[in-house]
Amino acid sequence: MKNISVGITGTAEIIVSENELAVTVGSGSLEVFATPCMVALMEKSACNCLSGYIGDDFTTVGTEINVRHLSATPVGMKVYAEAVLTEINGRELVFDVKAFDEAGIIGEGVHKRFGVNSEIFTQKTYSKIK
């Protein structure tokens, strides 16, 4: 990782479609933005935060996420997430994450990612299926 420092930020956004509804992804029975989709958007914002700092042979993997989903969002509304790098502990990176829709905040929490060598990580993962 090149010159990474606390305070860098990243964002990600989507327009909620039928594909991101709780009833569609199996996380509930209502036609509202699904918590797992909010979490994925938060992770994407953290990845986007790091995009200019990671080389081709190195990446990060999500290792922990602790978030609260505060408000429901209907289909058709824009949702965006923001990540701020708050701690660097060796290869562990800690982010404050928040998600918003057009009416205000809908989620917040902490997300951790860990830096890995892409090839070594993939080889170790696929060695499970011998």
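The legends below describe close-up views of a predicted model.

Local features are reported at pLDDT of at least 70 and side-chain atom pairs at pLDDT 80 or more, whereas totals for chains, interfaces and linings use all residues. Residues are numbered from 1 along each chain as its sequence is written, and side-chain values use heavy atoms, with hydrogens and water left out.

View A. Helices (H or I, at least four residues) and strands (E, at least two) are DSSP runs, numbered from the N terminus. Glu20 is buried but has no salt bridge, where buried stands for under 20% relative accessible area, exposed for over 50% and partly exposed for the range in between (1.4 Å probe, protein chains only). A salt bridge requires a side-chain nitrogen of Lys or Arg within 4 Å of a carboxyl oxygen of Asp or Glu. The nearest side chain of opposite charge to Glu20 is that of Lys44, 9.8 Å away; in this assignment Lys and Arg are positive and Asp and Glu negative, while His and the chain ends are not counted. The side chain of Glu20 does make a polar contact with the side chain of Ser17, at 2.7 Å (a pair of N or O atoms within 3.5 Å; within protein, one must be able to donate a hydrogen and the other to accept it, and residues adjacent in sequence count only if both atoms are side-chain atoms). Apart from neighbours within four places in sequence, Glu20 is in contact (heavy atoms within 4.5 Å) with Ile14, Ile15, Val32, Phe33, Ala34 and Cys37.

**View B. Phe33 and the largest nonpolar core.** Such a core is a set of buried Ala, Val, Leu, Ile, Met, Phe, Trp, Tyr and Cys residues joined through side-chain atoms within 4.5 Å. Among the 26 residues of this one, Phe33, Leu50 and Phe95 touch the most other members. Two or more residues come from each of α2 (35–50), β3 and β4, and α2 gives the most, with seven residues. Beyond neighbours within four places in sequence, the contacts of Phe33 include Glu20, Met38, His69 and Ile106.

**View C. The aromatic pair of Tyr80 and Phe100.** Rings of Phe, Tyr and Trp (its six-membered ring) pair if their centres lie within 6.5 Å, and planes under 30 degrees apart count as stacked, over 60 as edge-to-face and the rest as tilted; by this rule the count is one pair. The ring centres of Tyr80 and Phe100 are 5.0 Å apart and their planes stand at 20°, so the pair is stacked. Tyr80 belongs to strand β3 (residues 78–89) and Phe100 to strand β4 (residues 92–101), 20 residues apart. Tyr80 is partly exposed at 29% relative accessible area, whereas Phe100, at 16%, counts as buried.

View D. The whole structure holds three salt bridges. Arg113 is buried at 5% relative accessible area, while Glu43 is partly exposed at 25%. Lys112 forms a salt bridge with Glu64, at 3.8 Å between the closest N and O atoms, linking strand β5 to strand β2 (residues 58–69). Arg68 and Glu108 meet at 2.9 Å, N to O; Arg68 lies in strand β2 and Glu108 in strand β5, so this pair ties together parts 40 residues apart in sequence.
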